[in-house]
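Trainee: Hi! Could we go through the aromatic rings in this one together?
Mentor: Happy to, let's bring it up.
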Amino acid sequence: MSTQLFVNLPVKNLTNTMTFFSGLGFTFNPQFTDDKAACMIIGENNFVMLLMEEYFQKFTHKGIPNTFDSSEVIVSLTCDSRAKVDEFADKALALGATFSSDPMDMGFMYSRSFQDLDHHIWEYFYMDPSQIEN
């Protein structure tokens with residue numbers, strides 16, 4: 001069996017969050033989606049569980065960070081080109097995301113980031129394989 005990745009994020013309003021990510025082209029597995037949680041499909045073996053804060057709290061004894069003031073994780077996703085990075089970031093901002101930081105251009109890698117409706121940081125990046133030294 002191949003390893004699957006499930007990232008769990010607390011959210012304040014599941015309906016709004018699902019609408020936002022649907023607008024970015026993500027789909028959800030209805031088998032693991034209800035009024036408390038949604039299983040967002042990132043890739044074949046990669047998922048993000050969007051959990052209402054009260055439900056998220058059942059999985060940890062720690063408090064939920066105030067994502068307006070601090071961050072615990074940056075979720076980074078690859079794109080096929082620099083143009084796709086810009087397309088996704090621009091679309092996210094148009095759907096209500098907020099600016100996170102200036103684009104990062106390292107020559108071989110280009111990225112842009114934004115904060116979703118709950119201020120979790122997402123980053124889209126393109127890495128040019130021909131520019132990576134072995």
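Predicted model: local features only at pLDDT ≥ 70, side-chain atom pairs only at ≥ 80, totals over all residues.
Trainee: Nice. Switching to ring pairs, how many aromatic pairs does the structure hold?
Mentor: There are eight aromatic pairs. One of them joins F6 and F47, with ring centres 4.8 Å apart. Their planes are at 20 degrees, under the 30-degree limit, so the pair is stacked.
Trainee: And where do F6 and F47 sit in the chain?
Mentor: F6 belongs to strand β1 (residues 5–11) and F47 to strand β4 (residues 46–52).
Trainee: Is F47 buried or exposed?
Mentor: F47 counts as buried, at 11% relative accessibility. F6 is partly exposed, with a relative accessible area of 38%.
Trainee: OK, what about F21 and W122: what angle do their planes make?
Mentor: The planes are at 55 degrees and the centres 5.0 Å apart, so that pair is tilted. This pair also links distant parts of the chain: F21 is in helix α1 (residues 14–23) and W122 in strand β8 (residues 121–127), 101 residues apart.
Trainee: How accessible are those two, F21 and W122?
Mentor: F21 is buried, with a relative accessible area of 1%, and W122 is buried with a value of 1% too.
Trainee: Last one: which residues do ring pairs link into a cluster?
Mentor: The cluster takes in F20, F21, F26, F88, F114, W122 and Y124.

Definitions and conventions
Residues numbered from 1 in each chain as written. Heavy atoms only, no water. Phe/Tyr/Trp six-rings, centres within 6.5 Å; stacked < 30°, edge-to-face > 60°. Helix = DSSP H or I, 4+ residues; strand = E, 2+ residues; numbered from the N terminus. Buried < 20%, exposed > 50% of the residue type's maximum accessible area, 1.4 Å probe, protein only.
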